[in-house]
Amino acid sequence: MSTATPLDRIGVGIDTARYGHRVCFLRPDRLPAAKPLTVLEKRSGYLALQERLQQLHQQHPQAHFHVRIDAAGQYAVNLEHFLRSLDLPMTLSIGEPKRNKDYQKAHFPKRTTDDTESQAMARFAVVEQPAATAAVTPAMTLLREVAGRLQAKVKQSTQAINRLHNLLARVFPELATLTDDIAAAWVLHLLDKYPSAERIAQARLGTLQKIPYLSQEVAEQVQLVAQQSIASLRGAVAEALVRDLVAQVRHCRQVEHNMRQLLSAAFADLPASPHVHVVTVPGIGEATAAVLVAKTGDIGRFATPERFVGYFGVFPEENSSGVDKHGKPIPPGTLRMSRKGNDLVRHYLWNAARAAIVHNPAVRALYRRLRAKGTRGDVAIGHCMRKLLHLAFAVWKSNRAFDGQHFSWESSADNSMSAMAPSAADVSTPSTSNDKAVGHKRDVPAKEKVVTTAAATVAPGPAAVKPKSPPPRPRCGKVDFTFLREQVTMTQVLEHLGLLGDLRGRGQQRRGPCPIHGQPNDPARTFSAHLGKNIFQCFHADCGAHGNVLDLWAALHHLPLYDAALQLAETFHLRRNREEEPVSGIR
């Protein structure tokens with residue numbers, strides 16, 4: 001190594017690992033400034049690195065160290081903390097492993113060793129001279145650690161619930177049709193006390209009805225399907241397996257609850273900064289804000305809200321491969337939310353969006369406009385998640401609390417649950433200017449009302465529950481069954497047929513006598529309809545009818561599916577496919 005030529009900078013590349021790190025030193029001409037060094041993950045190894053850097057500083061007093069560290073896992077945390085404590089002219093940058101790997105492949109395509117990786121990072125540091133990475137405060141480091149533990153516990157809970165769901169598919173498969181949450185408190189209590197369909201069928205109905213959060217109607221349905229269960233796994237061993245998985249789910253949920261409390265405490269200990277305004281966005285609670293801040297780190301990394309949203313994967317991707325659950329090919333152009341991004345953030349954002357559609361005026365107005373256009377509920381929630389990220393980015397960047405009166409988010413028609421014609425700015429991204437990011441703008445206000453799909457569009461007529469089958473009609477062109485179903489809800493169909501008043505229940509789930517095989521005054525409530533998912537099912541052994549709104553229409557009118565689709569389109573003035581106008585007039 002020659003010391004005759006003074007150096008103005010030296011690149012230091014560090015490839016991190018669990019037990020030791022490989023360090024390479026390069027001059028501006030990309031020649032070695034010193035021999036490579038292996039730094040063990042202990043005090044003696046760190047002191048050897050300090051000695052080497054001090055020697056180079058003595059040889060080249062004018063040189064500035066550009067240090068590039070590969071942030072693989074948490075192996076670089078201690079090393080970063082040590083380097084920041086050194087009194088040397090240094091710019092320290094932390095690189096993403098993928099970017100570092102791509103740079104290494106570009107300049108050393110035929111070799112992949114610790115030396116080539118550290119040399120590639122040293123070359124990047126001395127040539128590109130990347131900007132310094134902001135130091136992470138100890139409080140933020142602790143918050144990230146707790147968030148990582150919480151994410152692991154949530155994953156364990158999900159795995160335990162999936163194992164329980166898998167076992168119940170053979171022990172009591174009908175139970176999953178009566179609840180959307182197999183880990184609900186009443187389900188776990190029920191399975192802990194009666195861990196098989198056979199035990200539930202033999203239990204007294206009064207005892208089942210005493211289970212907390214289990215309503216009388218649901219208890220009756222549970223015992224009814226248990227008596228007719230097709231379960232193939234029975235006996236004491238199967239019951240022991242069910243009880244064991246119930247205990248695992250409860251334990252995971254308790255540990256998850258404890259982690260959430262630690263997360264809230266760590267979030268409260270953060271030093272004051274603009275991140276505190278994230279909690280002011282209605283729908284985003286303390287836990288959601290803590291997870292969002294922990295996984296974001298420095299909001300300055302994101303120049304625009306689009307990049308912030310993309311970082312968490314809240315954007316649609318085309319998924320037109322394969323078939324749906326009915327065996328029909330998925331039509332081209334079908335979109336689903338990307339699977340990219342952090343699972344924990346997306347989990348909390350989903351729950352936050354469900355709260356925001358009730359309490360956040362901006363998100364509530366967006367959700368109503370989307371539903372009025374016929375957007376499926378879960379898809380509309382995805383758009384609301386994106387909106388929440390935009391709002392969080394805005395208040396965080398602008399250092400201002402959310403102001404519900406900043407813009408007239410909802411018109412009087414919105415407040416009365418009527419949808420206004422959406423403008424082009426309804427789902428546009430907000431301005432990247434920090435001073436205006438909180439606002440929401442519409443280019444042109446809506447002037448005309450359109451009919452919402454949440455209410456029937458035609459006056460109900462005296463339609464019989466089981467009318468006489470009409471003669472077959474000729475084929476009238478292509479019918480997109482999926483697109484047709486998206487335009488009409490289960491509520492509309494039941495109201496039009498005069499069946500909604502015969503069903504009992506609160507919320508989205510309704511139950512009553514089956515209109516397909518039973519009579520209107522039949523005391524047996526074997527028919528179940530979910531108004532949110534637009535599906536139905538009859539639990540009677542001789543009937544077993546189930547499906548969507550189109551299947552219900554076909555069953556009640558004794559029509560083939562194609563003829564039922566045509567009749568449904570004529571009744572509610574729907575479009576048979578995406579290319580044509582509505583069948584009769586404009587909706």
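Q: In this predicted model, is Ala 231 buried or exposed, and what is its relative accessible area?
A: Ala 231 belongs to the loop between helix H9 (216-227) and H10. Buried means under 20% relative accessible area. Ala 231 therefore counts as buried, its relative accessible area being 9%.

Q: Is Ala 240 buried, partly exposed or exposed?
A: Ala 240 has its place in helix H10. Because its relative accessible area is 44%, Ala 240 is partly exposed.

Q: What is the C-alpha to C-alpha distance between Ala 240 and Pro 195?
A: Ala 240 is a residue of helix H10. Ala 240 and Pro 195 are 45 residues apart in sequence, and their C-alpha to C-alpha distance is 7.8 Å.

Q: What share of the contacts in the protein with a separation of 6 or more comes from residues 24 or more positions apart?
A: The protein has 20 helices and eleven strands, and 45% of its 587 residues count as buried. Among contacts with a separation of 6 or more, the share from residues 24 or more positions apart is 64%.

Q: Leaving aside neighbours within four places in sequence, with which residues is Leu 389 in contact?
A: With neighbours within four places in sequence left aside, its contacts are Leu 292, Phe 308, Val 309, Phe 312, Val 314 and Leu 349.

Q: How many residues line the second largest pocket, and which lie nearest its centre?
A: The second largest pocket holds about 1,700 Å³ of space. Its lining divides into 22 nonpolar, 14 polar and ten charged residues. The pocket is lined by 46 residues, and nearest its centre lie Thr 133, Ala 134, Val 136, Arg 144 and Gly 297.

Q: Which helix gives the most to the lining of the second largest pocket?
A: Helix H2 (77-84), strand S5 (90-95), helix H3 (97-107), helix H5 (138-171) and helix H11 (286-296) each supply at least two residues of this lining. The element that gives the most, with five residues, is H5.

Q: What is the separation of the C-alpha atoms of Thr 141 and Ala 294?
A: Thr 141 lies in helix H5 and counts as partly exposed at 35% relative accessibility. Thr 141 and Ala 294 are 153 residues apart along the chain, and the separation of their C-alpha atoms is 8.5 Å.

Q: How many of the nine residues of helix H19 are buried?
A: The buried residues of H19 are Val 549, Leu 550, Leu 552, Trp 553, Ala 554, Leu 556 and His 557. Their cover includes helix H17 (481-486), helix H18 (490-496), strand S9 (527-530), strand S10 (535-538), strand S11 (546-548) and helix H20 (561-572). Helix H19 (residues 549-557) is mostly covered, and of its nine residues the number buried is seven.

Q: Which residue caps the N-terminal end of H19?
A: At the other end, H19 is followed by His 558, with a positive phi near 55°. At the N-terminal end, a side-chain oxygen lies 3.0 Å from the backbone nitrogen of Leu 550, and the capping residue that supplies this oxygen is Asn 548.

Q: What is the phi of Asn 399?
A: Asn 399 is found in the loop between H15 and helix H16 (412-415). Asn 399 counts as partly exposed, at 44% relative accessibility. Although Asn 399 is not a glycine, its phi is positive, at about 60°.

Key: Residues are numbered from 1 along each chain as its sequence is written. This is a predicted model: local features need pLDDT of at least 70, side-chain atom pairs count only at pLDDT 80 or more; totals for chains, interfaces and linings use all residues. Side-chain values use heavy atoms; hydrogens and water are left out. On a 1 Å grid over the protein atoms alone, a cavity is a set of points where a 1.4 Å probe fits but cannot get out, and a pocket is an open set with protein on both sides within 12 Å along at least five of seven lines; lining residues have an atom within 4 Å of a point. Grid points are joined across faces, edges and corners, and a volume is the space filled by probe spheres set on the points. Helices (H or I, at least four residues) and strands (E, at least two) are DSSP runs, numbered from the N terminus. Ala, Val, Leu, Ile, Met, Phe, Trp, Tyr, Cys and Pro count as nonpolar, Asp, Glu, Lys and Arg as charged, and the others, Gly among them, as polar. Contact means heavy atoms within 4.5 Å. Buried means under 20% relative accessible area, exposed over 50%, partly exposed in between (1.4 Å probe, protein chains only). A polar contact is a pair of N or O atoms within 3.5 Å; within protein, one must be able to donate a hydrogen and the other to accept it, and residues adjacent in sequence count only if both atoms are side-chain atoms.
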